[in-house]
Amino acid sequence: MSGILNSSIGRKFAMALSAFFLMIFLLQHFAINLLSVFSADTFNEVSHFMGTFWAVQYVMQPILIFGVIFHFIMGFVLEIKNRKARTISYAKNNGAANSTWMSRNMIYSGLAILAFMGLHFYDFWFPEINTKYIQGDMSGLLANGDYRYFEELQHKFVDVWRVALYCVSFVFLALHLLHGFSSAFQSVGANNKYTKGLKGFGKAYAIIIPLGFIFIALFHHLNN
């Protein structure tokens, strides 16, 4: 593994694989959250299953955390390597004419997403870990006997400032995905007759999924 990461091509390939993994997780996370718009009971049941099933908690969750950390560290490493490799500045090379804004600012959109993840962990993941593994309450129930997941989700979107932060963060996610999706496929050598279709799918994914998360946040804010 270390040998692969020592080469530029190897680092880009590993970065692409971690990106695919995180995009699959993002789609799954979106699908579960979208249930909260249509059925509180279904959302509660699925959330409780995901929060207590051993394979999710002790296998998939650690892999996900590793994937997130690996992706961000590798992104910073690639950015540092690329900056060191440039012998001609963008100002002299007219980089804006040869590349998109998203591709030139992936590091900044990535930092915005990383900051958002800190907020998201503070809002949901840390309280969940505290409830289940420190307090030892795996029931997922409120004092009245109902599942707590839907109520906790709605409660987090009462404050308008938090909703605004979430919406801005998902705009940065869309910008990151607009370049990252096609870049990931290029890194694994997907340059063939399907490239045009992949680019179209990537643009749709990069716009629809973040917009979907924004819709969910606004829906719960307006329906509190």
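The structure is a predicted model, in which local features need pLDDT of at least 70 and side-chain atom pairs count only at pLDDT 80 or more, while totals for chains, interfaces and linings use all residues. Residues are numbered from 1 along each chain as its sequence is written, and side-chain values use heavy atoms, with hydrogens and water left out.

## Overall build

The secondary structure of the protein chain comes to eleven helices and zero strands, where helices (H or I, at least four residues) and strands (E, at least two) are DSSP runs numbered from the N terminus. Of the 224 residues in the protein chain, 38% are buried; buried means under 20% relative accessible area, exposed means over 50%, and partly exposed lies in between, with a 1.4 Å probe and protein chains only. The chain exposes about 13,200 Å², and carbon and sulfur atoms supply 68% of this area. Such accessible areas come from the Shrake-Rupley method with a 1.4 Å probe, and for residues only the protein chains shown count as cover. Among contacts (heavy atoms within 4.5 Å) between residues at least 6 apart in sequence, 78% join residues at least 24 apart.

## Annotated spans

The unreviewed UniProt entry lists residues 63–80, 101–122, 163–181 and 202–222 under "transmembrane region"; the positions are given in the numbering used here, feature names are shortened, and annotations may be inferred rather than shown by experiment. In the model, the span of residues 63–80 is 100% helix and 0% strand, and its end C-alpha atoms lie 26 Å apart. Residues 101–122 are 95% helix and 0% strand, with 31 Å between the end C-alpha atoms.

## Helix α9 and its surroundings

Helix α9 covers residues 149–156, and its buried residues are Tyr149, Phe150, Leu153, Gln154 and Lys156. Seen down the axis of α9, these buried residues fall within an arc of 160°, so they line one face of the helix; the arc is that of the directions from the helix axis to the C-beta atoms. An α-helix has 3.6 residues a turn, so residues three or four places apart point the same way. The buried residues of α9 pack against α2 (8–38), α3 (40–52), α8 (106–134), α10 (160–187) and α11 (195–222).

Histidine 48, found in helix α3, counts as buried at 15% relative accessibility. Leaving aside neighbours within four places in sequence, histidine 48 is in contact with Met138, Ser139, Gly140, Tyr147 and Tyr149.

## Salt bridges

Side chains of opposite charge can pair when their charged atoms come close. A search of the whole structure finds five salt bridges, each defined as a side-chain nitrogen of Lys or Arg within 4 Å of a carboxyl oxygen of Asp or Glu. The table gives three of these pairs.

| Pair | N to O distance |
|---|---|
| Arginine 162 and aspartate 123 | 2.8 Å |
| Glutamate 128 and arginine 148 | 2.9 Å |
| Glutamate 152 and arginine 148 | 3.1 Å |

Arginine 162 lies in helix α10 and aspartate 123 in helix α8, so this pair ties together parts that are 39 residues apart in sequence. Both arginine 162 and aspartate 123 are buried. Glutamate 128 lies in helix α8 and arginine 148 in the loop between α8 and α9, so their pair ties together parts that are 20 residues apart in sequence. Glutamate 128 is buried, with a relative accessible area of 16%, and arginine 148 counts as buried at 4% relative accessibility, whereas glutamate 152 is partly exposed at 32%. Salt bridges that share partners join Glu128, Lys132, Arg148 and Glu152 into one network.

## A nonpolar patch and a tryptophan

On the surface, a nonpolar patch is formed by Phe21, Phe49, Phe53, Trp54, Tyr58, Val59, Met60, Ile63, Tyr133, Ile134 and Met138, with about 1,100 Å² of accessible area together. Patches are made of residues with over 30% relative accessible area and no salt bridge, where like charges are joined within 9 Å and nonpolar side chains (Val, Leu, Ile, Met, Phe, Trp, Tyr) within 5 Å. Helices α4 (54–85) and α8 each supply at least two residues of the patch, and α4 gives the most, with five residues. Valine 59 lies in helix α4 and counts as partly exposed at 38% relative accessibility.

Tryptophan 125 has its place in helix α8 and counts as partly exposed at 26% relative accessibility. Not counting residues up to four places away in sequence, tryptophan 125 touches Gln61, Ile65 and His120.
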